[in-house]
Amino acid sequence: MAYNAFVKKDTVDAIIRTSGEKIKGKIFKLPSNRLLDMLNEGSESFIPVIDAKVYCLVTGNILFQSEFLAVNKQHIILIADHLVPT
């Protein structure tokens, strides 16, 4: 089956916190939606993250890197975008 239409999404830098890890990477969202809208949408259980770096919360060390990572929404404690370097 071929599709003739596509949806344009924004790519944003984001930090995602789970109970044991911090994930830095890029996520895709619709221009008109907030991250909260993406979390509350019930049709998808995972958020795709590209260029992901996963850090240990205790040591701060990188556990691993991946070009693609699917994060289960039920494990997300915090999610933030439009990051400002400190």
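Guide: The accessible surface of the protein comes to about 6,300 Å² (Shrake-Rupley method, 1.4 Å probe). Carbon and sulfur atoms hold 54% of that surface. This is a predicted model: local features need pLDDT of at least 70, side-chain atom pairs count only at pLDDT 80 or more, and totals for chains, interfaces and linings use all residues. Residues are numbered from 1 along each chain as its sequence is written, and side-chain values use heavy atoms, with hydrogens and water left out.

Now the core. A nonpolar core is a set of buried Ala, Val, Leu, Ile, Met, Phe, Trp, Tyr and Cys residues joined through side-chain atoms within 4.5 Å. The largest one has 15 residues. Ile16, Ile23, Ile27, Val49, Leu69, Val71 and Ile79 touch the most other members. Two or more residues come from each of β1 (10–17), β2 (21–29), α1 (35–40), β3 (46–56) and β4 (62–72). Here helices (H or I, at least four residues) and strands (E, at least two) are DSSP runs, numbered from the N terminus. β3 gives the largest share, four residues.

Take Val71. Leaving aside residues up to four places away in sequence, Val71 touches Ile16, Ile23, Ser45, Phe46, Ile47, Val49 and Ile76 (heavy atoms within 4.5 Å).

Key: Buried < 20%, exposed > 50% of the residue type's maximum accessible area, 1.4 Å probe, protein only.
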